[in-house]
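Take a look at the chain below. This report walks through a few of its helices, strands and loops.

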Amino acid sequence: MSFKARLISRIKDGGPITVAEYMALCLLDPVDGYYPTRDPLGSDGDFITAPEISQMFGEVLGLWVIQSWQDMGRPDPFTLAELGPGRGIMMADILRAVQLAPDCLAAMRVSLIEASAALEAVQARTLAEAPAPVSWAKDLSELPDMPLIIIGNEYLDCLPIRQFIQNDPFAGAAGWYERLVSLDEEDRLTFARSPAPIPEPLQVMLPAGHEDARKDDLLEVNLSAHLLINQIADIFKTRKGRALFIDYGPETTEFGDTLQALKRHEKVGVFSDPGNTDLTARVDFEALAGFAETAGLAVSPSVTQQTFLSRLGIEMRAATLARAQPEAKEKLARQLHRLMDSEQMGTLFRVVCLQSKGLPGVLGLQN
Ligand code: SAH
């Protein structure tokens, strides 16, 4: 039975599922899910990410790691953990840059947290010659008890989101319904609304901006990101640590459905080919920061990728590389443009840092 047929029969038997369940099944089903069954990245794949565009991205992040390690008091040993490392290219570029600080490199233990066995194998190949010990962990709770730096690029956007629709603004928080994945009369996948308003424990998960909603406004809530933040907050209560997330999304909460499917760099329908298209939703940086503060973390408010990379000296890095290889000058300029330009990734992507209390300001996020 095809994966789509399996999904349909599941909904027929068990009733509609949440958007989060749909996303999680499509992306991570061990037999037919999107990530476990392929390497989706790069120009031949479905989407391309910043580290895949240019080595400069991971290299300047390497400088950020060195500075963060110094800010944390130069712990030895410490863990550098990456969430959703894709093909392992960003970590390889980070490690090359960290060789500039041999003490930092010698203290570092790399941990990769990856849900896809296919990508784990690619990471192992990319990092076969890594200058620091590399291991894989199921989640953050498996990491050894030592100071911790966490990095995730385009990780939060693939965590499953739930979607809520305001049906009766006069009812306030009680007017919200959940958007579900259901079947139409011909048993095709379609969206539907929950028969009753969402219960109170879910109402309190809505971001602060929910009070301004008009009829039919939609909000997305990333409960998996909330769980992750709670886990990070727990760890950072007893260990020094910093977590840096880079992803696409607005600075403040915005209404609207942003669930999108990509195939070969083109947007396609979210029900068109479940299990064979990438599904993501933008990250609500305001909600994320608010939640992290409530959980007891120190939050450096998000800045654009453009600002962050510029403060880390990416233009200087490009100039250095261009001097070393004059024939690559135009290629480097194109890469820089894709990462930095406001029409490209420069302002669509943002960077936020969550850390344990008592650490200095974060390089790239503070002036
Ligand atoms: N960071 C990489 C890859 C981004 S794609 C880059 O920038 O190129 C998303 C990555 O997260 C993939 O490696 C995917 O397999 C992984 N992933 C998705 N959901 C996950 C989950 N729940 N737990 C761990 N890894 C996950």
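## A buried glutamine

The side chain of Gln-355 has a polar atom 3.3 Å from the backbone oxygen of Pro-360. This is a predicted model. Gln-355 belongs to strand β15. Its relative accessibility is 5%, so Gln-355 counts as buried; the cut-off for buried is under 20%.

What does Gln-355 touch, once neighbours within four places in sequence are left aside? The list is Phe-236, Gly-241, Arg-242, Leu-297, Ala-298, Pro-360 and Val-362. One of these, Phe-236, is also among the buried residues of α9. That helix comes next.

## Helix α9 and its cover

Helix α9 covers residues 223-238. Check its length first. At 1.5 Å a residue, its 16 residues should span 22 Å. The end C-alpha atoms of α9 are 24 Å apart, which agrees.

Which residues of α9 are buried? They are Ala-225, His-226, Leu-228, Ile-229, Ile-232, Ala-233, Ile-235 and Phe-236. An α-helix has 3.6 residues a turn, so residues three or four places apart point the same way. The cover over the buried residues of α9 includes strands β2 (78-83), β5 (148-153), β9 (218-221), β10 (241-248) and β15 (349-355). Helix α10 is also part of that cover.

## How α9 meets α10

Two packed helices are described by the angle between their axes and the distance between the axes. Helix α10 runs over residues 285-294. It packs against α9 at an angle of about 35 degrees, and the two axes are 10 Å apart. The crossing of α9 past α10 is right-handed.

Which residues make this contact? From α9 come Ala-225, His-226, Ile-229 and Asn-230. From α10 come Leu-288, Phe-291 and Ala-292. Sorted by class, five of the contact residues are nonpolar and two are polar. None is charged.

Helix α4 takes in residues 55-71. Its 17 residues should span 24 Å at 1.5 Å a residue. Its end C-alpha atoms are 25 Å apart, which agrees. Most of α4 is covered: 13 of its 17 residues are buried. Ser-54 caps the N-terminal end, with a side-chain oxygen 3.0 Å from the backbone nitrogen of Met-56.

Just past α4, Gly-73 has a positive phi of about 90 degrees. Arg-74 sits in the loop between α4 and β2. Its phi is also positive, near 50 degrees, although Arg-74 is not a glycine. Its relative accessibility is 43%, so Arg-74 counts as partly exposed. Pro-77 is in the loop between α4 and β2 as well. Which kind of peptide bond joins Asp-76 and Pro-77? The bond is cis, with omega about 5 degrees.

## The loop between α8 and β9

Asp-216 lies in the loop between α8 (200-203) and β9. Its phi is positive, about 75 degrees, and Asp-216 is not a glycine. With a relative accessible area of 43%, Asp-216 is partly exposed.

Val-204 is in the loop between α8 and β9 too. Is Val-204 buried or exposed? Its relative accessibility is 62%, so Val-204 counts as exposed. Its C-alpha atom is 34 Å from that of Asp-32. Along the chain, Val-204 and Asp-32 are 172 residues apart.

Technical notes. Residues are numbered from 1 along each chain as its sequence is written. This is a predicted model: local features need pLDDT of at least 70, side-chain atom pairs count only at pLDDT 80 or more; totals for chains, interfaces and linings use all residues. Side-chain values use heavy atoms; hydrogens and water are left out. Axes are lines fitted to C-alpha atoms, for helices over the stretch in contact, and angles run from 0 to 180 degrees between N-to-C directions. Helices (H or I, at least four residues) and strands (E, at least two) are DSSP runs, numbered from the N terminus. A crossing is left-handed if the near helix is turned anticlockwise from the far one by less than a right angle, and right-handed if clockwise. Contact means heavy atoms within 4.5 Å. Ala, Val, Leu, Ile, Met, Phe, Trp, Tyr, Cys and Pro count as nonpolar, Asp, Glu, Lys and Arg as charged, and the others, Gly among them, as polar. The expected span of a helix is 1.5 Å times one less than its number of residues. Buried means under 20% relative accessible area, exposed over 50%, partly exposed in between (1.4 Å probe, protein chains only). A polar contact is a pair of N or O atoms within 3.5 Å; within protein, one must be able to donate a hydrogen and the other to accept it, and residues adjacent in sequence count only if both atoms are side-chain atoms.
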